[in-house]
Amino acid sequence: MDPETEFLSSKRQTGNEWELFKENVRPLKRGRNVDLLNHALKAHTNDQLKKSLLENRRRLIEAIDEYQGDDPLQPWLDCIKWVQEAFPPGGDFSGLVLIYEQCVRAFWHSDRYKDDLRYLKVWLEYAEHCSDAEVIYSFLDANDIGKTHSAYYIAYALHMESKSKMKAANDILNLGISSNAQPIEKLRDAYKKFLARSMRRPNATEEELKEDDLPVRSFGTVLARGESQRQAIKTFELGRNKLKQDQVHRTPLSIYNDTNMDVMRGHHSKPSTGSNSWHTLGGRAERNKENNAMPAKWTSHKIPQRPVPRIVGAVASSQIEVFVDEECEEKPKVHDEKDRTSSLQLRELDGRNIKKETELLRENPLRNFPSNSLPR
């Protein structure tokens, strides 16, 4: 038995258990506690530890409901931090996306937390888990959330840059600098790096560079508008010249003419002069002789019908139920801050429902927000 197999079979603990699952660990900017990481990763093979993690998560969520202090955002932050540590792979099973969404939805209308950097960071982390974060940044802009912090403008500009919207990213950073978002030094440094990256990009403006309208070279580079027009004209001219050359050098196609040679007998056959010859096609009446039937009057014929008892006053059948999709079913919206956690049902959901709700939030992160809060 080799040393590695012997060590795994002995189930000894060395404090480096994370080495076996490190490819499944989601990195965090603040780093991770190795002891907590080892304990969390053991839950992959220990059902008892997995149950204890789920129980601890349930208690933290209950602590959010029962909190009576002066900072109701703090228990949310504690719960988010613990879930990040306890579920290193992240994923849908952790319920982290649901906690993000319910946290930001609980305080979006509170003036107290609109300029709170902690609350803004929860929004930015939530945006990282969504398929298109531009919806979230537009929501923050429309509701004046976090616009005094440079982190909002930097994250927004980086997202627009990742979508090749360089002009929009440049305008966002300039807006943050003109608004004196803090810390301003960090924002200016980010703007310098953005300009340096912009200089290394192809020399084309955002309006000129639309990949949906421009042709693509065989090796993957996008043509500018003027160059694409010139290449299209050149290609058309080459094709037309080639067509002319083919017409000049093309030899006429010889058509085979049968000389009434009877191939089987080896002698010429005489044309038949029977009565069935096709020298004449006949008149119109002769050709349409099968259509001589005269139309009759249809109103004289009646279709037999079965008598059906009539019901006085149409009544809808109570046996037919209209199917309503659970995803499209409207749910009551929560607006009052004192009832902010009434929608927090994570502890009552199983893994399958958590995964389903997480996928819906990734596609539409503002699906549970009131319509009057969404950007127009």
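In α6, the buried residues are Y119, L120, V122, W123, L124, Y126 and A127; buried means under 20% relative accessible area, exposed over 50%, and partly exposed in between, with a 1.4 Å probe and protein chains only. Please bear in mind that this is a predicted model, in which local features need pLDDT of at least 70, side-chain atom pairs count only at pLDDT 80 or more, and totals for chains, interfaces and linings use all residues. Residues are numbered from 1 along each chain as its sequence is written, and side-chain values use heavy atoms, with hydrogens and water left out.

Helices here are DSSP runs of H or I with at least four residues, strands are runs of E with at least two, and both are numbered from the N terminus. The protein chain holds 13 helices and two strands. Of its 376 residues, 28% count as buried.

Returning to α6, this helix covers residues 117–128. Its 12 residues should span 16 Å at 1.5 Å a residue, and the end C-alpha atoms are 17 Å apart, which agrees; the expected span is 1.5 Å times one less than the number of residues. At the start of α6, a side-chain oxygen of D116 comes to within 2.9 Å of the backbone nitrogen of R118.

Helix α5, residues 96–107, also has 12 residues and reaches 17 Å from its first C-alpha to its last, close to the 16 Å expected. Because 12 of the 12 residues of α5 are buried, this helix is largely enclosed by the rest of the structure. Among them are the charged side chains E101 and R105.

**Two helix pairs**

Two packed helices are described by the angle between their axes and the distance between the axes. Axes are lines fitted to C-alpha atoms, for helices over the stretch in contact, and angles run from 0 to 180 degrees between N-to-C directions.

How do α8 and α9 cross? The axes of α8 (residues 150–162) and α9 (residues 166–178) come within 8 Å and cross at roughly 170 degrees. That makes α8 roughly antiparallel to α9, a label for angles over 145 degrees, while those under 35 count as roughly parallel, 65 to 115 as roughly perpendicular and the rest as oblique. Their contact has 11 nonpolar, one polar and one charged residues. Here Ala, Val, Leu, Ile, Met, Phe, Trp, Tyr, Cys and Pro count as nonpolar, Asp, Glu, Lys and Arg as charged, and the others, Gly among them, as polar.

The second pair is α3 (residues 47–66) with α4 (residues 73–86), packed at about 170 degrees with axes 9 Å apart. This makes α3 roughly antiparallel to α4. In α3, the residues L53, N56, R57, L60, I61 and I64 meet P75, W76, C79, W82, V83 and A86 in α4, where contact means heavy atoms within 4.5 Å.

**Individual residues**

T358 lies in α13, residues 351–363, and counts as buried at 1% relative accessibility. Leaving aside residues up to four places away in sequence, T358 touches D92, V97 and L98.

In the loop between α8 and α9 we find S164, whose phi is near 65 degrees, a positive value in a residue other than glycine. The loop between α9 and α10 contains P183, and the peptide bond from Q182 to P183 is cis, with omega near -5 degrees.

Conventions: A polar contact is a pair of N or O atoms within 3.5 Å; within protein, one must be able to donate a hydrogen and the other to accept it, and residues adjacent in sequence count only if both atoms are side-chain atoms.
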